[in-house]
Amino acid sequence: MRGNRDTKIPPRMSLPVAIALGDPAGVGAEITAKIYAEAEARALPRFFAVGSRNALAAAWKGPIETIGSPQDALRVFDHALPLIEVEHSEDVRFGEPSLEGARCALDSLEFATGLVRSGAASALVTAPVSKSQLHAIGFNHPGQTEFVAERCGVAPENIAMMLAGPNLKCVPVTMHISLADVPRVLTTDMITARIRATARGLIRNFGVVRPRIAVSGLNPHAGESKLMGTEEEDIILPAIEALAGEPFDVFGPLPADTMFHPRARAGYDAAICMYHDQALIPVKTLHFDEGVNLTLGLPIVRTSPDHGTAFDIAGKGFARPDAMAAALALADFCAEQRMLYDREEA
Ligand SMILES: NC(=O)C1=CN([C@@H]2O[C@H](COP(=O)(O)OP(=O)(O)OC[C@H]3O[C@@H](n4cnc5c(N)ncnc54)[C@H](O)[C@@H]3O)[C@@H](O)[C@H]2O)C=CC1
Ligand SMILES: NCC(=O)COP(=O)(O)O
């Protein structure tokens, strides 16, 4: 990381992190319990869970203590996993999602988001939810990212969904839409807004002084002088040119097939990609077990493990907790960086 403000690391956050447990039939409860059990060994910050007691108790036989407020988590954490319970009366069947489970996941997300927004918790970590199950109960956001943004009063065009691993950070411009819709939906304004949100996010959350941002093309060979598509010259290049003079360096459009190898990655702090898989395939290929999904542009810190509900392995005991641990550690790191940054700006 370039230009890290590592000179004045503040004392550890005195507030716990809130973890929304996600879909009760998925791996959220299991990986949360595992990082609780390994918190000391992994030097993780204190946290509390928000969600289904049934799911947590089914996933883990260790101590769980229901708490009434986030502050209690600091006292409880040393002897039990602190939990703010969300109503969920059905028996949990891992791997078999239900509408009641989806309602519990949504209530947990809503409640945890509210606690962080109120200042009672330092950051929000969200365990995976099933988008199709949420949609079946009337959830009309593409994902948790847009839901949290709405609850924070931020327009979806001003946020960025960053997938971050130790050696690569990527942001897709379009997110959860059909690939067939991407060329129709992409606009110059959308690209400039995502680049700005990314640059500001790198400065505020990671302490990068002057971010370097690489922008991908959409088409093979970045269009090859319009031979293989015109979006690069008509939509992407104007966005890059419009950002000249801003406090970051931005370049492209680059052919997406040659911008992720190690020497190319050394030239930028984050890559802006045109669609979901263009951004997520390189990050998950390099960092599946430690990748973090971080929402930039919010007044709060929100992270999530990069993986989904993993219904195929939920309840079997072998879900890896590493990405959840990375999400918690990054949330804590970003909360500290923001505190420093905001103090310097004041
Ligand atoms: N942040 C979120 O809430 C996300 C939610 N999803 C949701 O998850 C559901 C399933 O999505 P998939 O595409 O199947 O992706 P997935 O990440 O759940 O599973 C893909 C593969 O990775 C494995 N895997 C995932 N997490 C693992 C872990 N912690 N340890 C070991 N192996 C693990 C799974 O067993 C599976 O073989 C969908 O409903 C989707 O909407 C997907 C991505 C992110
Ligand atoms: N593929 C990433 C993803 O699904 C993240 O979704 P969400 O965090 O917005 O729910």
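Colleague: Helix H1 spans residues 28-37; how many of its ten residues are buried?

Modeller: Start with the terms. Helices (H or I, at least four residues) and strands (E, at least two) are DSSP runs, numbered from the N terminus. A residue is buried if 20 or more other C-beta atoms lie within 10 Å of its own, exposed if 12 or fewer, and partly exposed in between, with C-beta atoms placed from the backbone. In H1, nine of the ten residues are buried, so this helix is mostly covered. Among them are Gly-28, Glu-30, Lys-34 and Tyr-36.

Colleague: What covers the buried residues of H1?

Modeller: Look for contacts: two residues are in contact if their C-beta atoms, placed from the backbone, lie within 7 Å. The cover over H1 includes strands S1 (17-20), S2 (47-51) and S4 (81-85). Helices H2 (53-59) and H12 also take part.

Colleague: Where do these coordinates and numbers come from?

Modeller: This is a predicted model, so to speak of a local feature we need pLDDT of at least 70, and side-chain atom pairs count only at pLDDT 80 or more, while totals for chains, interfaces and linings use all residues. Residues are numbered from 1 along each chain as its sequence is written, and chains are lettered from A and ligands numbered from 1 in the order in which they are written.

Colleague: Now the whole protein. How many helices and strands does it have?

Modeller: Twelve helices and twelve strands. The radius of gyration, taken over C-alpha atoms, can be set against the globule rule, 2.2 Å times the number of residues to the power 0.38. Here it is 20 Å, close to the 20 Å the rule gives for 346 residues, so the protein is as compact as a globular protein of that length. Its C-alpha atoms fill a box of roughly 60 × 45 × 35 Å along the principal axes. Buried residues make up 51% of the 346. Of the contacts with a separation of 6 or more, 76% join residues 24 or more positions apart.

Colleague: Which domains is the protein divided into?

Modeller: Domain bounds come from an automatic or database domain assignment. Here, domain 1 is 1-154 + 298-346, and domain 2 is 156-296. Their C-alpha centres lie 26 Å apart.

Colleague: Take a residue of H6. Is Ala-149 buried or exposed?

Modeller: Count its neighbours. Ala-149, in helix H6, has 22 C-beta neighbours inside 10 Å and counts as buried. Beyond four places in sequence, its contacts are Val-154, Pro-156, Ile-159, Thr-295 and Leu-298.

Colleague: Which residues are around ligand 2?

Modeller: A residue is near a molecule if its C-beta atom, placed from the backbone, lies within 6 Å of it. For ligand 2 these are Gly-143, Gln-144, Thr-145, Leu-280, Asn-293 and Ser-304. For classes, Ala, Val, Leu, Ile, Met, Phe, Trp, Tyr, Cys and Pro count as nonpolar, Asp, Glu, Lys and Arg as charged, and the others, Gly among them, as polar. The shell of ligand 2 has one nonpolar, five polar and no charged residues.

Colleague: And how many residues surround ligand 1?

Modeller: There are 19, and the closest are Lys-131, His-307, Gly-308, Ala-310 and Arg-320. By class, eight are nonpolar, eight polar and three charged.

Colleague: Which residues does UniProt list as "binding site"?

Modeller: UniProt positions are given in the numbering used here, feature names are shortened, and annotations may be inferred rather than shown by experiment. One "binding site" (unreviewed entry) in UniProt lists Thr-145, Lys-284, Asn-293 and Arg-302. Thr-145 lies in helix H6 and is buried, with 24 other C-beta atoms within 10 Å. Asn-293 sits in strand S11 (residues 292-296). Asn-293 is buried too, also with 24 other C-beta atoms within 10 Å. Beyond four places in sequence, Asn-293 is in contact with Met-161, Leu-163, Thr-303, Ser-304 and Asp-306.

Colleague: Where else does UniProt place "binding site"?

Modeller: The UniProt record (unreviewed entry) also places it at His-176, His-221 and His-276. They span 101 residues in sequence, and the farthest two C-alpha atoms are 23.9 Å apart, so they do not all gather at one spot. His-221 lies in the loop between strand S8 (212-216) and helix H9 (231-242). With 15 other C-beta atoms within 10 Å, His-221 is partly exposed. His-276 is in helix H11 (residues 276-287). His-276 has 18 C-beta neighbours inside 10 Å and is partly exposed.
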